[in-house]
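Trainee: Could we go through the aromatic residues and the nonpolar core of this model?
Mentor: Here it is.

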Amino acid sequence: MLLGFFLLACGPGDPGPAFEQARARGSTPEREWRTYLHDPAVSHASPLRAIHPGNVSQLEVAWRYDSLDAHPGSQIQFNPLVVKGVLYGCSPTLRLFALDASTGEELWSFSPGVAAEGWSSSRGVVYWQQGDDERLLFGAGSFLYALDARTGKRVRDFGEDGRVDLRVGLGREVD
């Protein structure tokens with residue numbers, strides 16, 4: 001079963017009930033994938049042992065997600081993160097999204113409005129937290145974006161309206 005899009009109508013700072021339900025199901029630290037390649041040691045592997053060579057042939061698909069924006073020549077080279085029961089991923093058109101990691105239900109999505117032509121890709125996203133402030137940092141085009149991890153909305157006090165143009169300050173003209 002392929003899941004399509006639906007967007008929650010959330011006010012600023014309101015993560016919505018579906019997000020809160022995903023968080024309530026949560027996950028234990030060993031079931032999370034908070035950083036690129038799993039952990040600071042880049043182990044590339046989960047410590048979980050429920051799936052092993054002896055039972056891999058018995059696995060069934062739990063859920064699928066269709067970003068609905070793939071096109072001929074597009075690709076995804078992205079390491080999704082799983083934090084507190086929420087999977088954060090990126091589509092072929094550089095649209096960042098949050099899914100309930102248990103069900104695959106889309107919780108929010110954010111389109112940076114940057115053209116993702118041809119072989120554009122995003123290699124990953126960074127999760128950062130300090131107290132109640134939870135952010136996702138990711139690049140699209142020449143911009144670095146900071147989004148509220150709970151709502152997918154720009155962190156307005158980050159750079160200029162939630163993004164920083166990485167071309168500025170390089171000692172040359174910005175194209």
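Trainee: Is Trp108 buried or exposed?
Mentor: This is a predicted model, in which local features need pLDDT of at least 70 and side-chain atom pairs pLDDT 80 or more, while totals for chains, interfaces and linings use all residues. Residues are numbered from 1 along each chain as its sequence is written, and side-chain values use heavy atoms, without hydrogens and water. Buried means under 20% relative accessible area, exposed over 50% and partly exposed in between, with a 1.4 Å probe and protein chains only. Trp108 has a relative accessible area of 5%, so Trp108 is buried.

Trainee: Which parts does the pair of Tyr88 and Trp108 tie together?
Mentor: Rings of Phe, Tyr and Trp (its six-membered ring) pair if their centres lie within 6.5 Å; planes under 30 degrees apart are stacked, over 60 edge-to-face, the rest tilted. Tyr88 and Trp108 are 6.1 Å apart centre to centre with 45° between the planes, a tilted pair. Strands are DSSP runs of E, at least two residues, and helices runs of H or I, at least four, numbered from the N terminus. The pair ties together parts 20 residues apart in sequence, because Tyr88 lies in strand β2 and Trp108 in strand β4.

Trainee: How many residues has the largest nonpolar core?
Mentor: A nonpolar core is a set of buried Ala, Val, Leu, Ile, Met, Phe, Trp, Tyr and Cys residues joined through side-chain atoms within 4.5 Å. Those with the most contacts inside the largest one include Tyr88, Trp108 and Leu136, and its residues number 25.
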